[in-house]
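Here is a short note for a colleague who is meeting this structure for the first time. Please read the points with the model open.

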Amino acid sequence: MPQPPNWSPLIHAVDDNGLFMIWLYNLPTWLFAFLTMSGFVSLALVGLRLIHRRLNAGTLATLIDNGTVGWFFSGVTVLYGLLLGLLTVATWTNYTQATGLASQEAASLAVLYRDLAGYPLPERIQLRTQLRTYTRFIIEQSWPLQRQGFIHDGESAELVGLQGPLMAFEPTTETGKILHQEAIRTFNSLVELRRLRAESISGSVPGVIWYVVLLGALLTLTFGYLFVVKSFWFHGVLVSLLAAVIGLLIFLIAALDHPYWGEVSVSPQAYELVLSKVMNRPGN
């Protein structure tokens, strides 16, 4: 099981089924894409080397009609292309939803911080300081670990540290009671959004879909071998281009599959803006 630097019992992996893939997301994006494309191209060329000479040297080559093979090949590529297209849309939608979720959580932090402005001075300072500490913890501690597929249990402890004094506060005026109810409502929304973010860290495309995608890639490349092309190198160029496109699309799906992992991931910018523009602004 891969472990982040300075690992402690407070940090735990959130996706046991995908731990063996985390190292790919820790690579630079360009290297991740290069390895994926290179793997498919290499596999395609190895398969072509095994089939090309046998196909062209035997009597089977005289029975193959490239036009007929091309017709079936077009059908296979269209169906497989639709599958990859739908998966790309699905993963992109999941990515945008994760981005929106982070923005909503950051907005709840800002709203709660402003709600606390109406509290009496001792409680206001205590609660706002705790909320500021929690926001900074998300940016500096939680977010780097999320990109490695982990979640920090200390984040929950920081949130509980805010919950205690907030729930213990008893307003003495009607205005204070209304304001306190609103703050409690915003806090509950914040807890729910944090839970959804934690669930999103481990969310991914089901394994059975990945099996279909990879098997479909192999079948599509296999159809590319069935054309009768005398030149191995020319056939190899055609098959390599097809394999490179398939590898590139699969890389895109994999990169978007985990919206909080790796370089292609949701940014903590929304939280940073709340911290700098709302919580650390003079007068607040």
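The points below go from the fold to the record annotations.

1. Basis. This is a predicted model, where local features need pLDDT of at least 70, side-chain atom pairs count only at pLDDT 80 or more, and totals for chains, interfaces and linings use all residues. Residues are numbered from 1 along each chain as its sequence is written, and side-chain values use heavy atoms, with hydrogens and water left out.

2. Fold. The protein chain has 10 helices and 2 strands (DSSP runs: H or I of at least four residues, E of at least two). Their order along the sequence is β-α-α-α-α-α-β-α-α-α-α-α.

3. Overall shape. The C-alpha trace spans about 95 × 35 × 30 Å along its principal axes. The radius of gyration of the protein chain is 27 Å, whereas a compact globule of 284 residues would have one near 19 Å (C-alpha atoms; the rule is 2.2 Å times the number of residues to the power 0.38).

4. Packing. Of the 284 residues, 43% count as buried (under 20% relative accessible area, 1.4 Å probe, protein chains only). Among contacts with a separation of 6 or more, 82% join residues 24 or more positions apart (contact: heavy atoms within 4.5 Å).

5. Annotated spans. UniProt, in an unreviewed entry, places "transmembrane region" at residues 20-48, 69-92, 208-229 and 236-256. Such annotations may be inferred rather than shown by experiment. Residues 69-92 are 100% helix, with end C-alpha atoms 34 Å apart. Residues 236-256 are also 100% helix, and their end C-alpha atoms lie 30 Å apart.

Note on methods:
Buried means under 20% relative accessible area, exposed over 50%, partly exposed in between (1.4 Å probe, protein chains only).
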